[in-house]
Amino acid sequence: MDYVLKWDGQSSVLRVELTYSAHQKDSTVFIFGDPNWGGQADIFKVIRNITSSEPEVVRVDEVNRQISVYHNGANKHTISYEIDGSLPPDLPTRASQTELFRPVISEGVLTLVNKQFALTVTDKSNPLVSFRWHSYPKNFSYFNSIDPSQKSPSEKLSVYYEDLSNAVCFVMGNNISVMEYSVLGVPYFSVTTKEDRYGNDLQGSLIPFFKSYFPSIHRFWNDTDFPFYFLSVTALQNNQTEIGAGGFGINNGFIMKLGRKFGTWEIYVTAHETAHTWIGIKIMFGTDSFDHQWFGEGFNDYTALINLANSKLYDEEEFLNYLNEDNFKQHYQSEIKGVHNDSIAAKYWTDYATYGKLPYRRGLIYAFYLDNQIRVVSNGKFTLRNMLLDLYAIRKEKNNNEILSVDDFITVGAAYLDKRELTDQIARYMIEGQPIDFKTVELIPEFKVEIKNNIPKVSLSENANLLEIYKW
Ligand SMILES: [Zn+2]
């Protein structure tokens, strides 16, 4: 599949021409958009003017987001369409979700990931995919996540179709800045809007990540086996009120949108999203990321939090505040804290306010508890990090089509804790959803917990030092 892309730098329309192979087939079926991703139920409105050339005929099934091309004996196959990257003026962004998961094509700024403009083909007829910009504004900054060292949009970029789903991000614009760093020898790219209405200096705000957070998390995972990594942090283009940041991780990078000044919350989001490189992307259970969000989100959140502490981006107060106020308090006073794990996926996007953060908090609280258990049982010799490194080692031993499972998690955990107890804990706390009773829990001596109105609150014992607890 060869994509040729066109944008004039001004309009909200991306023109796409896709040439593909369809050897000895009567028809080819493409799908556009994924309503499960970001809850974009109307995502098919983004694609329009879908055409092919004679004798081929296009049939569009909007409900199923399917585009069928009947080849009628043609031996060259091209489909053209437009991607409308505008947001309706009467529907300003009220949640970063609204803009984050849609193509943004506006004057001077374009941000795209492949789910927002490329087609899924329903057969294996096209193992290779390429992208090339045919027309684009000269002198605009340009970033691509396939080969970031490639600075010219007109150069062809190639990727295997099977690797496509989370691989492609394009950022282009005259209000875009691209910086390059080296973190433990790994090339890092920082892609931001230059100016926004909040007075942000986003490149400046991100420097502490390149100087300390990323080195910390690479050391946490003993892993510098990366071709490169990138952050794309851009201001929302259509928001009317101040909104904090939201983002998602993709291969070798993460994409964030924000609608206010970059502050403590945005530091957290950046840490959380970039931590997904490991838990959530390289290491996840099963094939549906919704099944075990307690791990993919909650355990990821815990690694982000302790790396914020390790890298000194969060001090003791910020660390405890996040643990207590944003997690223990919110979780233990939540009316739905005890719902079964299976009820989360169904309500996640439709009732994000209530269900969205539940698996994050549930998982983070359990990760904190598990870390303490491993430290207590091993007399401080081991931590959750050791267990996670073992899990990562198992992931690396498996081949790509073998899934990692909760059983693998229990198997590696059995080296540190009683296997039966660990199995029961996961079933009880993570799957059935029963909140952990911190009255009966033993933490390491460095942490104290008091319970008020059924809400646990963690503090540091006298002389305890966060940097001593979380070091690697
Ligand atoms: Zn996440």
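Leaving aside neighbours within four places in sequence, which residues is His272 in contact with? They are Asn300, Asp301 and Ala304, where contact means that the two C-beta atoms, placed from the backbone, lie within 7 Å. The model is a predicted one, so local features need pLDDT of at least 70 and side-chain atom pairs count only at pLDDT 80 or more, while totals for chains, interfaces and linings use all residues. Residues are numbered from 1 along each chain as its sequence is written.

His272 has its place in helix 3; helices (H or I, at least four residues) and strands (E, at least two) are DSSP runs, numbered from the N terminus. His272 counts as buried because 22 other C-beta atoms sit within 10 Å. The cut-offs are 20 or more such atoms for buried and 12 or fewer for exposed, with partly exposed in between. His272 and Asp301 are 29 residues apart along the chain, yet 5.7 Å separates their C-alpha atoms.

Next comes helix 4. With 18 residues (293–310) at 1.5 Å a residue, helix 4 should span 26 Å, and the 24 Å between its end C-alpha atoms agrees; the expected span is 1.5 Å times one less than the number of residues. Helix 4 is mostly covered, with 18 of its 18 residues buried. Just after helix 4, Lys312 takes a positive phi of about 65 degrees.

The largest nonpolar core has 111 residues. Such a core is a set of buried Ala, Val, Leu, Ile, Met, Phe, Trp, Tyr and Cys residues joined through C-beta atoms within 7 Å. Among the residues that touch the most other members are Val168, Leu305 and Leu308. Helix 4 gives this core its largest share, 9 residues. In soluble globular proteins, nonpolar side chains tend to be buried together.

On to the domains, whose bounds come from an automatic or database domain assignment. The chain splits into domain 1 (1–93 + 113–165), domain 2 (175–273) and domain 3 (293–469).

Finally, strand 15 (residues 176–183) and strand 16 (residues 186–193) run antiparallel, joined by 8 bridges; strands pair if DSSP finds at least two bridges between them. Met179 has Ser190 in strand 16 as its bridge partner. In this hairpin, with 2 residues between the strands, Leu184 takes a positive phi near 50 degrees.
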